[in-house]
Each structure stands twice: as structure tokens, then as C-alpha cells.
Amino acid sequence: MKYVIVGTAGHIDHGKSALVKALTGTDPDRLEEEKRRGITIDLGFAHLDLGEDLRVGFVDVPGHERFVRNMLAGVGGIDLVMLVVAADESIKPQTREHFDICRLLGIRQGLVAITKSDLVEREILDLVRLEVQEFVAGSFLDGAPIVAMSARTGEGLDALRAELRRLGRAIPPKPLDLPFRLPIDRAFVMKGFGTVVTGTLVAGKIEKEAEVEIYPLGRRVRVRGIEVHNQSAYCAVAGQRTAANLAGVEAQELARGMVLAAPGLFDATSRLDVVLSLLPAARPLKNRARVHFHCGTAEMVAEVVLLDAKVVAPGQRMYAQLRLAEPGLFLPGDRFIIRQFSPLVTIGGGMVLDNHPPKHRFADPEVHRFLKVMEAGDPENRLELLTARAGEVSPSSLVARTGWQPDEVLRVGKWLEVEKRLKVLGRPPNLFVHVGYFEALSRRVVEKLEEFHAANPLSAGMTKEDLRGRLATRAAGERSLPSATLCDAVLQTLGAQGKIAVHGETVVFAGRRVQLSPEESVAKDQIIRAFESAGLAVPSAKEVLEGLRIDRGRAEKILRILLKEKTLIKITEDLIFHRAALEKLREMLARRKERSNRINVTVFKELTGLSRKYAIPLLEYLDRERVTRREGDERVIL
Ligand SMILES: Nc1nc2c(ncn2[C@@H]2O[C@H](COP(=O)(O)OP(=O)(O)OP(=O)(O)O)[C@@H](O)[C@H]2O)c(=O)[nH]1
Ligand SMILES: [Mg+2]
């Protein structure tokens, strides 16, 4: 079964509701006030099966100019428009306004119903038909069926059904592989059920028992039950009129304009970069003008910030930033309408390009380039650019910025990695890094290390954390530190290229030697000689350092360098030897082994001429170095 949503459109009293009723048997005017006044105030719903395989859901909208905002809440999710023109009145202001709205929203398919054919002569009917043809010329309805009919006599209803069936079958199915979104058009309490929300499911599918989030409230609730076109169901899919019974929220907390979607997947926003078209009949729109913004079922006040102009001329199209008075869930690709403050008329509309933009500088060519790709670029280019702008970004925040499924973000990301445009880090992947950013960061690491070594000639290297702290960048106007994951990846790459060396937590410039002042060099030599000449009967480090002519701090640094270079070797906290002395000791043991491979402390003391104070730690050191192995009171020379 295929589901298609048909919306009515047209001037007040032109017979939209009567037509829906004639087709479906359901009166879409459900409010007492509507019945009393004989006009539609709010959205009405009905459905009709056209054969075995096609179910049409109707969204009937009010024609009254005061209720255009309600019309806008209904028209968002429709596949087909049924533009209603009364034969006795022909084209009127809301015929135009509704039609403009359909065009601005990018509705692609539809038909025209000339209603009340019973009220006019044949010639008038032909005239109205000509007027309609002229009216829709050049638009998406150019060449669409125009069916004259009467709800009163039933004339033309069969022809209308046939056209609806034909058009409905040809509508391409809505993609199900997008995260689901249900913009709420009604929220109410139903006796015995509790809170119910309804809407047209614009993407994906929603299942019974699912946990969902109400955006922008941030509330998570459970879907207790689902109805699709008034029948209970396990799941609803894109394109269906859906009612969801929600557990854990009161109806009065909810309102038209909120959206149900997967928990945590998206985030609400109050700033949007858009492409905006102004209707030819509109007044020029000034920078910073306040307008009514309608998108999905949401409506709010917005300020239009033009990016590189002072004013939008009628009929013109340009990029702009909308600053919304309240946050809402909007995704790139969403269409919207703007209406003037007063008089309250539709003046334009457009499409969301970026749902989390920074504020921009005036006439920034970079912004223009970015939005151009967001508007027309393929998914790869868009994802690359979003990543480039962030520098590094998690796949989950790219889901929130694209509206794609997490799988799709990963798939495109991996493809970009193959093309060497991105790096995908983490296992499982949890970070996308733009190669440009990665390379810039690598250069900065090398720079910062050079700087550090120049400023700290005696230091053996920088700690990773210290280095990361110096890599702050400005991404999207905000100061940010590269993540530890990214820094590690950069260091690893530089290490593999031989540009740097990483020892534990310390990072050094590859092949770097510590630069010493002449005074320090003298001190260094003195330290070396002190240990070298002592052989194995070494003095304490304290004694040696105190005998130098430089201050204690620098002396200790030099000692650390010597230990690091392994000119000196520390075997216990108090005992430091020159490397040559220890090598001699090894040679001595090797010679001894030619006679016997066993040795005890006494023999060792005799051989080396050392006291116990040195002998025991040295033997333990030799054990650790696997030169000897302790066996009871003796040692085996290995
Ligand atoms: N003679 C005749 N009258 C009709 C026909 N269709 C509707 N009407 C009458 O026209 C009036 C308006 O009809 P509605 O269906 O409420 O018009 P609407 O377009 O839904 O009006 P709004 O929703 O308020 O914009 C009602 O009194 C209907 O009975 C028709 O085909 N022939
Ligand atoms: Mg009506």
C-alpha cells in the first residue's frame, strides 16, 4: 500500500472542504466553530482508498487570510496539491497566496479543481479554465490536470479520482532511510488514551514502544501507540498521516511546531543560514527586517540578516541568516515561508542550508562559497566542507548537521578518507578530521616544538599535554583545543615520518641535541669526569653537583640530560655510575666466567675492590640487567 498526502489550497469559500467531503465522505471541518461559521479555521483531515494499492490522506486547509498560518502548518508534508478555484469567482487573493506558498515550498505535483461547476454556464467555465491555465503557466502546475467539478451534483468527481490515482501512483516513494521526523500539527488528550499528537511523518519511520525526543523541549517520552490514517499500527513510515500516543508528557506541554525525532540525534537551533527568494510582488526586504518564519509546522518570529546586501529586491534570491526568536528543530533541505509583519502577507521563502551556522562577517566570500556548496553540492562535498569548517567533528554531530542516518555519515566519511580528503579516527570511528586541518596541526606541532626547544635548551622535551595546550585554534570563530585523540594521531604520524620522537609522555624534535652555554658545558664535563675518574667507587651525586660553579637547578638539569643520554647510569637513588665503569665491570665478569661462572659477594668484592655499600646494589643491578642470576647466596654469570 502506497501512501500519498494531498493538500487542498485556495481562496476562502471556494469549496475545498466540500470537495474533500464529496471525495471521502468525511467532513474535514471538525470544530464546532467551523460548522457554525461555515468556514475552515484549522487543518482538517480525511482519507480515501483509490484502488488496492493507494491510500490518499487529505489535509484540508483554511482559505481565510487570517488563517494562512494554519494553512502553512498543514502544507509542509504534502506530496500533491489540489488547487481549488471556484468557477463563479475564479482566481482570488488567497488562490495566489496559497499557490505562491506551494511554489516556494518546492511542491512538485498537483492538479487544479474548478469547483462549483453547477453554478456557472459552460462559457464561464471555459473562461475560468483559460484563466487558470494562464495563472499556472511556467509553474510546476503548468500542464497539470484541470478538472471541473461540483460537490453538489457530483459532476467531475470520477475524473478527479482518476487523476488523483494517476498522480499518486507516479509520486516517488519518500526515502525511508532518513532519521524519522514527525512535526506536530495537533496535540490533545484523548479519553482513555492520554496525550496524542498528530502530524505528517516527513521522513523515516517511527515504531510503537520507541523512545522519542520532543524537540526543542528536550523531553524523552515513549510512544505507547501509533495510528496511521486512523488505524492502529506497529509503525508509521514517511508520507503517512500519523497519530502517536505518548506516555510521560501532558498534552498542554506540547504545541504545534514541536517535532518528534530520535532521542539525542539532533539539536534545536535558533540560527539558520538559508537561501531566500522574495516574491516579485513583495516589497523590498531590508537587512535585519523582522518576519514571521514558517517551517514544518513551526511558526516563529525571525530577523533576516543579509550576508552581503542591504536589501533584497522583489523577485531576488540571496543567501541570508535567520535569527529565530525561539529554537526549533530544522535540518538542511527544509523549506520555509516568510511572511511580512504588517500587513501580514506571504513575501517569500526558501531552503535551510546550514542549521548551526556561526555569525558571519559582512560580505565574507568564504561564507558565500560555503553556502553555495551546501545548496548545490553533492553529499561528499557537503560533508567535507562541514568537517573542514569544524576542523575535527564527531560523526554524531554531522548527523545533526545533515539529517542523514549515522550509517550514511560514516559511509560518506570513509569514502572521503579513501579520497584523502578526511581522516576518520577512532575505533569504532568517532572523529572526522579534515586533512587540511590535520596537516596544519602537524605543522604547528613542529613549530611549537622548535619554539619550545629554543626557549628551553636544557629541557629534553615537551609533555604531550603541554604541547596540546599550545595548539589552540580558532574554528568557526571559537577558540578550541584539538582533542587528545587528534593530537595523538598527529604525533603518531609525525613520529612515523621521523620528524619527532615520542618517549612516553614526552615529545621531542627528532635528532635534537640540547644546547648548552659554555659555562654549562664546563659543568657537564666536570660531572662526567667526576664519575668517570671514580670508576666504580663513585661519589654521591650531591657531592659532585655541589662542587660545580653553576646553580643547583641547572646542575640538576645537566645531570638529567646525562642520565637521559645514558652517559651516566643511575642504579639506585643514590648511586650513579659512568657508563664506561659499568662496561668495564661487565668485561671483568666476562673474563671471570672463563674460569668459573659462579660468583658470590665476597669474590665480587675482591674482584672489584669495592665495599659492601657498592657491591650489593651493583650485583642487584647486574641481576636486573641479566648479566648475572641470583641462586641462593651465589650468582651465576650468564
Ligand atoms: N453550488 C455549489 N456550492 C458549493 C460547492 N462546493 C461548495 N459549495 C458551497 O460553498 C460554500 C463554501 O464551501 P467550503 O467547502 O466550506 O469552502 P472552503 O473552500 O472549504 O472554505 P474555507 O475552508 O473557509 O476556505 C459552502 O456553502 C458550500 O456548500 C459546489 O460544488 N457547488
Ligand atoms: Mg474549508
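Threonine 346 is buried, with a relative accessible area of 9%; buried denotes under 20% relative accessible area, exposed over 50%, and partly exposed the range in between, with a 1.4 Å probe and protein chains only. The model is predicted, so that local features need pLDDT of at least 70 and side-chain atom pairs count only at pLDDT 80 or more, whereas totals for chains, interfaces and linings use all residues. Residues are numbered from 1 along each chain as its sequence is written, chains are lettered from A and ligands numbered from 1 in the order in which they are written, and side-chain values use heavy atoms, with hydrogens and water left out.

Threonine 346 belongs to strand β24 (residues 346–354); strands (E, at least two residues) and helices (H or I, at least four) are DSSP runs numbered from the N terminus. Its side chain makes polar contacts with the side chains of glutamate 97, at 2.5 Å, and arginine 339, at 3.2 Å. A polar contact is a pair of N or O atoms within 3.5 Å; within protein, one must be able to donate a hydrogen and the other to accept it, and residues adjacent in sequence count only if both atoms are side-chain atoms.

The loop between β23 (335–339) and β24 holds proline 343. The peptide bond from serine 342 to proline 343 is cis, with omega near -5°. A cis bond also joins arginine 427 and proline 428, with omega about 0°, and proline 428 is found in the loop between β26 (422–425) and β27 (431–434). Most peptide bonds are trans, and most residues other than glycine have a negative phi.

Aspartate 13 has a positive phi, near 70°, and is located in the loop between β1 (2–10) and α1 (16–24). With a relative accessibility of 51%, aspartate 13 counts as exposed. Asparagine 230 likewise has a positive phi near 70°; this residue lies in the loop between β12 (219–228) and β13 (231–233) and is exposed at 61%.

Which residues are closest to ligand 1? Among the 19 that surround ligand 1 (a heavy atom within 4 Å), these are Lys16, Ala18, Thr40, Asp118 and Ala151. Backbone N or O atoms lie 3.0 Å from a ligand oxygen at aspartate 13, 2.8 Å at glycine 63 and 2.7 Å at alanine 151. Taken alone, ligand 1 exposes 640 Å², of which the protein buries 82%; accessible areas come from the Shrake-Rupley method with a 1.4 Å probe, and for residues only the protein chains shown count as cover.
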